[in-house]
Amino acid sequence: ETWRYAFEEALEEVQGKFAQKFKEEVEANSDHEIQLFPFGTLGESADTMEQAQSGILQFVDQSPGFTGALIPEAQVFFVPYLLPADQDQLVEFFRTSKTIKELFPPLYADQGLELLTMFPEGEVMMTTTEAVETPEDLNEVKFRVMTNPLLVSSYQAFGATPTPLPWGEVYGALQTGIIQGQENPAFFIESTKMYEVTDHITRAGHNNFTTAVMANKEFYDGLPDEDKEVIQNAIDAAFDYIVEYQTGLTEESLAKIMEAKPDMTITELTEEQREPFKATAEAVEQEFLEVGGDQAQEILDQMKADLAAVSEGGGEAAEGEAATEDGSTAEGEAAADEAAMETADEAEEAAEGEETGN
Amino acid sequence: MVWAIFGTMIVLLLLGFPMMIPLIAGSLIGFVGIFGGFSQLDTMVQQIMAGIRPASLIAVPMFIFAADIMTRGQSAGRLIDLVMAFVGHLKGGLAVATAGACTMFGAVSGSTQATVVAVGGPLRPRMQKAGYNDSFILALIVNSSDIAFLIPPSIGMIIYGVVSGTSIAELFIAGIGPGLLILLLFSIYSYIYAVRNNVPTEPKSTWAERGQAIKRALWPLGFPAIVIGGIYGGIFSPTEAAAACVLYALILEMIVFREMDLRTLYATAKSTGLITAVVFILVGAGAAFSYVISFAQIPQQILGAIGIDEMGQYGVLFTISIAFFVGCMFVDPIVVILIFVPIFAPVVQAVGLDPVLVGTIITLQVAIGSATPPFGCDIFTAIAVFKRPYVEVVRGTPPFIFMLLSVAVLLIFFPQIALFLRDLAFGY
Amino acid sequence: MTLDDKHAPEPDPDVVAAAKAASIDDDDIDDSKYVSGLPGFLGVIDVGIARIEAILLAAGVLLMAINTMANVVGRVVGHTLYFSEEVNQALIILITFAGISYAARHGRHIRMSAFFDALPFPLRRAMMVLIAVITAAAMFLLTWYSLDYVLSQASRGRLMPALNIPQWWIIVWAPMGFFLTGLQYTLTAIKNVIDKDIWLSTSTLEGYDDSREEEI
Ligand code: NA
Ligand code: NA
């Protein structure tokens, strides 16, 4: 049987690499064939998502940010400074997260989709025409963001003027100066040549671009168990592969950029410099709770619990995964409750503040 | 299925069906053939929507609107008078000026369709009056507008750069040489055409007359200022510049020249909407058709059978040229770039071709294919805006296609036409 | 091209310029002269729909210009209207689908008529019936499946990210446009069967001379 798989990037970008590995694994371990459809060949992200929903495509890769129009909870990945900056912790989070393994699948299922996995694509960096070290440096800067309310609020909170612009116009707009900045992972800044029309890359560590691979649910449910296993194994193999592939990818991409444009400056903000940016996250989190759908609170709380679990138990878990698995789950749950209480309190305070403020 | 699709499309086209029907039929056969029934036709509708939705297409109705207001009022006439004051006495002068204006406007606005309307609209009647044959004028306008693909900013080059990982800045510079060469050839052809058909010239204007023409054109000179200054100055995106032109045209014609009343404004807006709809349903139907081609992996099938891996550099370049040329005869250029570039990428690398040269040749072929029958947005736009029959719009095309293909061949054998400026600018 | 007749002749250069300027307005469609192909009460409704289509077309274009400029002004003063792009999307869909029916009504759809024109009269008339019937059938087919598409979008609950309204609100024009276009081509087929002339649409006669309108 021929299965079709569409994704949002070019064949040689991260999603494309993942898809190629998945194809390779499935074809090696079964009689099925997989056709890959890179960015744009079957329409935009929203179009391929709908095609996966209606069963024309068996597999689709869509970033949760784009999924927000369909599953508002998925926008949680736009809350700044939620995901850890540390790569090992990040990977561990995607491997173990209860949010991804248990809370999100039913939400995707409601849309006729089987959530197969989520994976990180790389640290999001700002590329700008002027150097950025403090939120003040973003004042008056017209900053291109995807059309998403949370991204708009994030950059508003940073002090910039968020300016949604279709992707095809971004290069030209940076060149002529309609906008002065945009954000993306390093590999994407390199492959789309955004560095040609900006002079500064700033690593504020505010996010990591996340994406999700899904199957049409009816198709997936109708598969015999051995096919499901082939798919699951291929997904796992592709996940491991992409983690490996990404080690050093950011540095490699940045090195390529420096080679192509030696006078580019790349600034990694210090913890201290990040503080004022981090201070704005709270407001965006509140906004997420408003626009993130019925389960926003639950998702956010669980997400924080998952993250607490990987940051606390990270080192041990890595050493003796099998042995400490039970323990760390328990720990995770305890942390979840704690985090839930904390955020509930914060939410209350914020709500009161708003009332009195008005 | 491939033959059934293309055969049906050509037959329906020739029988005189509304142009949307061949395109819709092509995609219908594809959808039914692929999915064995009507079950997935909602995706065909989705693709029609996806075709008309891109934000950058908004420039088209906006420039149609602005051009219509300018032409009904005085702005366009005054601008053309200014041009005539300087080139009216030269043999073929108006034609060369038209080609130059189309190239410049197309380059800046980034939209070939908008160029056909905004520049071709006002200039065509003046050229007719000057004694040029209409099918020459139409072909000149459509083909000169397509030079816009080659001169920065160019959406086609940006897409190619992203898909192939090539420097967009280098592509932009490499496109200038071939773009100007084409403009030169078109100008020479226009001159020869004017001499051979004995197109009359106007008496040479005195400097006093020219001064008068400049004075009268002062207000309307705001249009090129908005488009060129606004876009390069970083104030507007091309789409926004189009809307700014609408606003400025309304101010001029309703307040300054008092040429337009609310009733005419309504009629103009309605006529703009009508032309937009007639063209955009074809853009949408074309997108659905492109989807079928892409989904059924038809290009891969055809190209796989050719055995491109065995060819040398020239063989690869010629194959690429033909593939893009033929592809763009039927399908939207952007889609062709998205589908074909990844297919050719490995072989381009294997034979050691400069990706910037390949990108320039591809962009040129895209420009040629878009202006070549049977299907092409610029052709459709010209038909809808000028209200001339299809055959007449494409009748004058062959000499232009010949010149364009000559440049393509030259480019393959003398890559320096494209790479000279690039090497100079980037110090290679 | 006729000369402009807006002003009394004066030797003013501006007026001369206006007169010389090409005008597209000599073939503006006058909606008040539109005659429906439908009899009686149905005809009244049809004329009403034609009027609404015309107003939607004009309003769509004007709103698009205003919306796009407002976005520029907003950006300059530091408050980008981040829903502006989506408003334009909604408007272009509205314009396209209100317009295809309006174009069908007035015989304005683009076609390649060279071979058609070379046919003898009776064959041409039969051909026009066939064209109208097949076109109508294609439009009705698309009506059905675009309705299907709109309904599935509604059931999925997809929202416009910035406007935060259901996406199906802006695409609902598609089934309407296809249906009304199909209806126009049906009426055109009927008109060609019962009338001795050849009709491009219920109100547009197919021409023999080289005038502009009917050839497009
Ligand atoms: Na251009
Ligand atoms: Na073409």
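Student: Which residues make the nonpolar surface patch of about 710 Å²?

Tutor: Good place to start, and keep in mind that this is a predicted model. The patch is on chain B and covers about 710 Å². Its members are B:Tyr314, B:Phe318, B:Ile322, B:Val326, B:Val409, B:Leu410, B:Phe413 and B:Phe414.

Student: Which helix gives the most to the nonpolar patch?

Tutor: Two helices of chain B, α16 (313-330) and α21 (397-413), each supply at least two residues of this patch. B:Ile322, one of the patch residues, sits in helix α16 of chain B. With 4 residues, the helix that gives the most is α16(B).

Student: Now the contact of chain A with chain C: how much area is buried between them?

Tutor: Chain A brings 19 residues to this contact and chain C brings 15 residues. Carbon and sulfur atoms give 54% of the buried area. On the side of chain A, A:Glu50, A:Ala69 and A:Thr147 lose the most area, together 35% of what that side buries. The area buried between the two chains is about 1500 Å².

Student: Which residue forms a salt bridge with A:Glu50?

Tutor: The rule finds 1 salt bridge across the interface of chain A and chain C. A nitrogen and a carboxyl oxygen must lie within 4 Å to count, and here the closest N and O atoms are 3.2 Å apart. The partner of A:Glu50 is C:Arg158.

Student: How many residues on the side of chain A that touches chain C are nonpolar?

Tutor: Helices α2 (45-53) and α6 (149-158) and strand β6 (161-164) of chain A each supply at least two residues of that side. By class, that side has 6 polar and 2 charged residues, and its nonpolar residues number 11.

Technical notes: Residues numbered from 1 in each chain as written. Chains lettered and ligands numbered in written order. Predicted model: local features only at pLDDT ≥ 70, side-chain atom pairs only at ≥ 80, totals over all residues. Heavy atoms only, no water. Contact = heavy atoms within 4.5 Å. Buried area = accessible area lost by both parts, 1.4 Å probe. Salt bridge = Lys/Arg side-chain N within 4 Å of Asp/Glu carboxyl O. Nonpolar A, V, L, I, M, F, W, Y, C, P; charged D, E, K, R; others polar. Patch = residues over 30% accessible without salt bridge, like charges linked within 9 Å, V, L, I, M, F, W, Y side chains within 5 Å. Areas by Shrake-Rupley, 256 points an atom, 1.4 Å probe, with all protein chains shown as cover.
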